[in-house]
Amino acid sequence: MGRASSSRLRRLRFTVQGQVQGVGFRPFVFRLAKELGLSGFVRNESRGVLIEVQGKNSCLRGFSRRLESEAPPLAGLRALHCEETPPRPEETGFHILASHSGQNHAVLVSPDTGTCPECLAEILDPENRRFSYPFTNCTACGPRYSIIRSVPYDRPSTSMACFPLCPSCRAEYENPGDRRFHAQPNACPECGPKLRLVHSPGKKAPDAEQSGQDAGDPLETLAGLLLAGKIAAIKGLGGFQLACDAQNLAAVAELRRRKRRPHKPFAVMVPDLEEAGRFAYIGPAEEKLLLSPEKPIVICPLLRDRTGDAPALPSLISPDTNGVGLMLPNTPLHFLLLRHFRELSRRDGKRAPLPAVLVMTSGNARGAPLCLGNREAASDLAGLADVFLFHNRDILVRVDDSVLKARTAATAWKTPVFFRRARGYAPRPLRFAPDGFSGPCVLGAGADLKNTLCLTKGPDAFVSQHIGDLEHFAAAAFHAEAREHLEALLRVKPELAVRDLHPDFQSGRAAEDLATQRGLPLLSLQHHFAHAHAVLGEHGFYGKALVMALDGHGHGSDGTSWGGEILYLDTGDFRPREHRRLAHLAPLDLPGGDAAAREPWRIAHALLVRLGLPTGKCGAFTPPWLPERAKEARMLTQMLARGLNCVTSTSCGRLFDAVSALLGLCRETTYEGQAATRLEEAQGEAQKQGEPRKSGGARMREEAAPYPCPFFPKPEDPRLIVVDSHTLFRAVYEDLAASVPVCAVAARFHRGLAAGLAACAASLAAANGVRHVGLSGGCFQNLSLSSEIRSLLEKAGLETLEHELLPPGDGCISFGQAVYGAMTLSSV
């Protein structure tokens with residue numbers, strides 16, 4: 001490119017902020033500038049990507065327009081600043097300069113991304129030097145967040161720093177016309193990470209020759225071991241996974257025994273959509289999620305087998321639900337493993353007719369966080385796995401698989417619901433504040449179950465990956481680890497910490513300790529108001545609104561347990577002007593405290609006592625926990641009469657538990673939400689072969705009239721409204737005593753609860769001059785309940801706000817806390 005006449009030259013400087021490092025943005029800028037005949041440079045900086053371009057005015061206009069419209073698919077431009085700068089007549093050519101560090105940091109770190117089609121084609125091509133290489137990647141795919149230490153995002157700042165590029169990879173890395181130009185994890189079999197298959201101590205390996213495997217290929221050997229019934233610990237993208245043959249009942253049962261996980265659903269992985277369609281219903285929404293670059297686990301309805309009497313996948317995979325958590329391979333390693341596994345399965349005459357499916361669940365001991373290092377996994381998973389698939393690329397950040405579910409077409413709600421937000425999505429920012437907001441950094445410490453934490457930076461909030469339940473000491477350490485890593489990447493230090501109101505939450509203690517160490521102010525925010533701020537903040541809504549917050553438990557401002565709340569918030573002008581509790585479900589007794597959540601029959605028995613209903617046999621109906629629990633039931637009655645070790649709660653989640661127990665669906669739980677899950681599923685009926693087993697009983701709900709669920713002013717405090725879930729429960733009991741089928745009772749309960757809550761919210765909205773109602777809390781992962789409430793509210797002329805980017809459960813609490821903290825600081 002020659003020098004242009006200085007009289008016709010203009011020079012523009014662009015500062016691009018957002019997700020623009022590690023996504024092929026600089027090579028894109030280079031090619032665009034060359035195409036338009038512009039000189040200048042592009043480089044990574046701590047504040048984003050800096051571009052200077054020089055040339056004719058018409059070319060500069062084209063560059064400016066195409067910079068946004070043609071950016072790479074993984075790029076996320078959040079801000080684009082342009083200014084004129086003096087021309088440099090002597091400049092020739094366009095160059096990519098070395099990255100430059102600085103103090104003002106505005107880079108968004110890219111999440112890990114599933115393998116792109118181009119890389120998959122290479123590993124399937126015997127003539128390609130990356131044939132069958134399990135660590136193939138480019139600027140459009142591969143590890144990002146899980147391997148980064150610091151920004152700018154360059155190879156020395158990642159765990160690939162210890163893998164020097166071979167000449168061929170170096171040529172790709174330095175060639176602006178190559179799709180691996182400045183692809184930081186770039187590698188090949190000659191210079192990159194390598195696999196190693198190791199048998200667990202005491203676990204004898206089968207003879208490779210007898211099993212027909214090539215001992216030289218760890219993935220093919222592992223596929224044979226899995227087909228033989230072994231359980232493997234596999235080092236994946238963001239941590240270890242435990243895998244076994246999903247069609248081998250003995251292997252699945254053994255994995256459940258070793259993990260002490262008798263009922264909670266397992267996720268499965270299949271080679272492709274064709275294989276998935278053999279046992280699961282894959283609609284357009286599910287297909288879009290499964291094929292997305294994020295490659296999440298997608299909960300899909302199960303199909304029936306050829307007889308129509310059983311699922312096409314063993315029920316032991318997901319014993320409580322009519323769906324299965326399904327994912328496609330998210331790395332070349334998984335892709336090659338599943339390919340080998342399917343090939344070996346088809347050679348087996350007995351296995352050939354069955355889908356090739358692997359259980360692929362989190363590699364951790366119960367309650368502990370995901371294992372990420374080889375030594376950690378060898379120690380912690382030694383009793384769980386028969387064989388380990390290690391590799392020597394370090395994982396620097398634990399990132400579990402994300403879990404989503406597509407909402408049904410009937411809901412007219414296009415976005416899926418998150419159950420867990422992690423790999424592929426974290427740490428994407430959420431814009432929560434008005435444009436121009438530049439408040440100080442706030443830490444939201446989160447809840448103790450399904451924990452996440454959140455840090456703000458200007459108008460953006462960065463919610464961490466799923467951390468888990470903090471009752472395990474290692475999970476509490478992971479909480480600190482995640483905070484420190486986010487602080488380092490964002491180059492921020494919190495100036496305010498916000499914790500949950502519950503005095504015994506580990507997350508709250510962590511926030512207290514940090515505040516003490518750094519001399520920070522500390523705020524406490526009631527759990528359900530954090531839910532409320534989360535759903536309103538996600539939509540950038542600031543004004544007067546109601547929020548329905550329905551979950552299992554939250555420490556109330558009155559010292560009791562809440563969980564079935566209708567709240568009023570006024571956040572006009574981005575200030576927390578007013579918080580009010582307007583209504584709640586009728587109280588439940590929880591005899592034994594936490595034991596009641598583990599044994600829902602206790603809550604059902606206590607409700608029978610409170611409502612004066614028979615606690616023994618009545619006609620043809622006998623409470624399902626009798627006679628086995630007769631002695632304990634009598635003791636509970638005495639406890640209730642004396643008020644011993646018995647707390648009260650307005651929890652919607654505990655109401656679901658009580659009804660589930662009364663219907664005989666779940667008397668004792670082995671994981672959180674089990675009783676409610678079974679109650680939701682009880683509405684459905686088995687469908688014909690080739691049809692999905694409909695979650696939520698769509699046909700049954702259409703025919704089932706809702707049970708009554710009135711609302712009235714609370715006698716001791718008329719400012720509060722009580723949604724009478726006692727009347728609702730009584731109706732459930734009366735239908736059971738009249739031998740009404742369980743599926744009909746479950747459907748009528750769902751519709752009755754939704755009708756009562758929606759009618760109360762509509763009345764309160766009119767009384768308070770409100771047109772918007774937010775829906776938050778773990779109960780809104782029940783799509784039967786959420787769709788029914790949404791429909792009724794919209795019929796009443798109200799606009800509903802639901803979570804689209806975060807889980808409605810406690811995974812959103814940290815975000816709500818951070819939003820509240822930022823508003824509080826801005827109002828000082």
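Which residue forms a salt bridge with D504, and how far apart are the closest N and O atoms? I looked it up: the partner is R509, with the closest N and O atoms 3.5 Å apart. For the notebook, a salt bridge is a side-chain nitrogen of Lys or Arg within 4 Å of a carboxyl oxygen of Asp or Glu.

**Ground rules**

I am working from a predicted model, where local features need pLDDT of at least 70 and side-chain atom pairs count only at pLDDT 80 or more, while totals for chains, interfaces and linings use all residues. I number residues from 1 along each chain as its sequence is written, and side-chain values use heavy atoms, with hydrogens and water left out.

**Confidence**

I checked pLDDT, the predictor's confidence in each residue, from 0 to 100. The protein chain has a mean of 91, and 93% of its residues reach 70 or more. Residues 1-6 have pLDDT below 50, and this stretch has 11 contacts beyond near neighbours in sequence; a contact means heavy atoms within 4.5 Å. Residues 685-702 also stay under 50, and here the model has 50 contacts beyond four places in sequence.

**Salt bridges**

I searched the whole structure and got 56 salt bridges. I then went back to the opening pair with accessibility in hand, where buried means under 20% relative accessible area, exposed over 50%, and partly exposed in between (1.4 Å probe, protein chains only). D504 is partly exposed at 47%, and R509 is partly exposed at 35%.

Next I looked at R483, which bridges to E484 with the closest N and O atoms 3.9 Å apart. R483 is buried at 10% relative accessible area, whereas E484 is partly exposed at 47%.

I also noted a network of salt bridges that links R11, R13, E52, E83, R88 and E91.

**R398**

What does R398 form a salt bridge with? I find E376, with the closest N and O atoms 3.0 Å apart. This pair links distant parts of the chain, 22 residues apart: R398 is in the loop between β13 (387-391) and β14 (403-405), and E376 is in helix α10 (residues 374-380). The element names come from DSSP runs numbered from the N terminus, helices being H or I of at least four residues and strands E of at least two. R398 counts as buried at 11% relative accessibility, and E376 as partly exposed at 23%.

R398 turned up again in the ring search, with its charged end over the ring of F478, 5.7 Å from the centre. The test is that NZ of Lys or CZ of Arg is within 6 Å of the ring centre and within 35 degrees of the ring normal. I logged R581 too, which lies over the face of W562 at 3.8 Å from the ring centre.

**Aromatic rings and F574**

My whole-structure search gave 14 aromatic pairs. One of them is Y542 with F574, edge-to-face, 5.0 Å centre to centre and 85° between the planes. Rings of Phe, Tyr and Trp (its six-membered ring) pair if their centres lie within 6.5 Å; planes under 30 degrees apart count as stacked, over 60 as edge-to-face and the rest as tilted. These two residues are 32 apart in the chain, with Y542 in the loop between α13 (527-538) and β22 (544-555) and F574 in the loop between β23 (561-570) and β24 (578-585).

F574 is buried, with a relative accessible area of 6%, and its phi is near 55°, a positive value in a residue other than glycine.

Most residues other than glycine have a negative phi, and most peptide bonds are trans. R260 has phi near 55°; R260 is in the loop between α6 (249-259) and β9 (267-269) and counts as exposed at 53% relative accessibility.

Where do the cis peptide bonds sit? I have one joining A426 and P427, with omega about 5°, and P427 is in the loop between β15 (417-420) and β16 (429-431). Another joins L626 and P627, again with omega about 5°, and P627 lies in the loop between α15 (601-610) and α16 (630-642).
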